[in-house]
Amino acid sequence: MIQIRKTYNQVNPELLSGELKDLILTQGATLDENKLETFTLPDESADFISRMTMTFKMHDKEMMRVHMVGTARGETKLMIDIDEKLFPQEKLNALQTDLDFMFGSYEVKKQ
């Protein structure tokens, strides 16, 4: 199992979720589950936090699970669990390259 963890700043979680879903689908996966929940932040009636879970299948087996929690005005945390037997390294490299091209400028780099 391979895990990718990224933190983005000032990215709408729904935008990131939609783009990520499209990028994974272009690699030949099929969407199995797609859950998005939005909550009001305590004491901030105009700000929301989103929680998203998506699962993808390849050859009728779950090969990827995506978790995301974040706010449009703050940080969005992304975690992707990948079964490398079902999603080979070249597809993973292509996904990471596309994700970095689209959202790399928003990524919070580790110090």
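Reader: How many residues does the largest nonpolar core have, and which have the most contacts inside it?

Author: A nonpolar core is a set of buried Ala, Val, Leu, Ile, Met, Phe, Trp, Tyr and Cys residues joined through side-chain atoms within 4.5 Å. Buried means under 20% relative accessible area, exposed over 50%, and partly exposed in between, with a 1.4 Å probe and protein chains only. Here the largest core has 25 residues, and Ile-24, Met-63, Met-64 and Val-66 have the most contacts inside it. Two or more residues each come from β1 (2-9), α1 (13-25), β3 (44-58), β4 (61-70), β5 (75-82) and α2 (89-103). Helices (H or I, at least four residues) and strands (E, at least two) are DSSP runs, numbered from the N terminus. The model is predicted: local features need pLDDT of at least 70, side-chain atom pairs count only at pLDDT 80 or more, and totals for chains, interfaces and linings use all residues. Residues are numbered from 1 along each chain as its sequence is written, and side-chain values use heavy atoms, with hydrogens and water left out.

Reader: Which residues does Val-66 touch, not counting those up to four places away in sequence?

Author: Contact means heavy atoms within 4.5 Å. With residues up to four places away in sequence not counted, Val-66 touches Leu-20, Ile-24, Met-52, Thr-53, Met-54, Phe-56, Leu-78, Met-79 and Ile-80.

Reader: Is Thr-55 buried or exposed?

Author: Thr-55 counts as buried because its relative accessibility is 1%. Thr-55 has its place in strand β3. Its contacts, not counting residues up to four places away in sequence, include Thr-30, Leu-31, Asp-32 and Glu-33, and also Glu-62, Met-64 and Arg-65.

Reader: What pattern does the protein follow along the sequence?

Author: The protein has two helices and five strands, and their pattern along the sequence is β-α-β-β-β-β-α.

Reader: What radius of gyration does the protein have, against that of a compact globule?

Author: The radius of gyration is taken over C-alpha atoms, and the globule rule is 2.2 Å times the number of residues to the power 0.38. With 111 residues, a compact globule would have a radius near 13 Å, and the 14 Å of the protein agrees with this. The C-alpha trace spans about 45 × 30 × 20 Å along its principal axes. Of the 111 residues, 38% are buried. Among contacts with a separation of 6 or more, 57% come from residues 24 or more positions apart.

Reader: Where is Glu-37 found, and what is in contact with Glu-37 beyond its neighbours within four places in sequence?

Author: Glu-37 is found in strand β2 (residues 30-41). At 32% relative accessibility, Glu-37 counts as partly exposed. Leaving aside neighbours within four places in sequence, Glu-37 is in contact with Ile-49, Ser-50 and Arg-51. Thr-38 also has its place in strand β2 and is partly exposed, with a relative accessible area of 42%. The C-alpha atoms of Thr-38 and Ile-49 are separated by 5.7 Å, the two residues being 11 apart along the chain.

Reader: What is the phi of His-59, and where does His-59 lie?

Author: Phi of His-59 is near 60°, a positive value in a residue other than glycine. His-59 lies in the loop between β3 and β4 and is exposed, with a relative accessible area of 66%. Asp-60 lies in the loop between β3 and β4, and phi of Asp-60 is near 60°. Asp-60 is exposed, with a relative accessible area of 73%.
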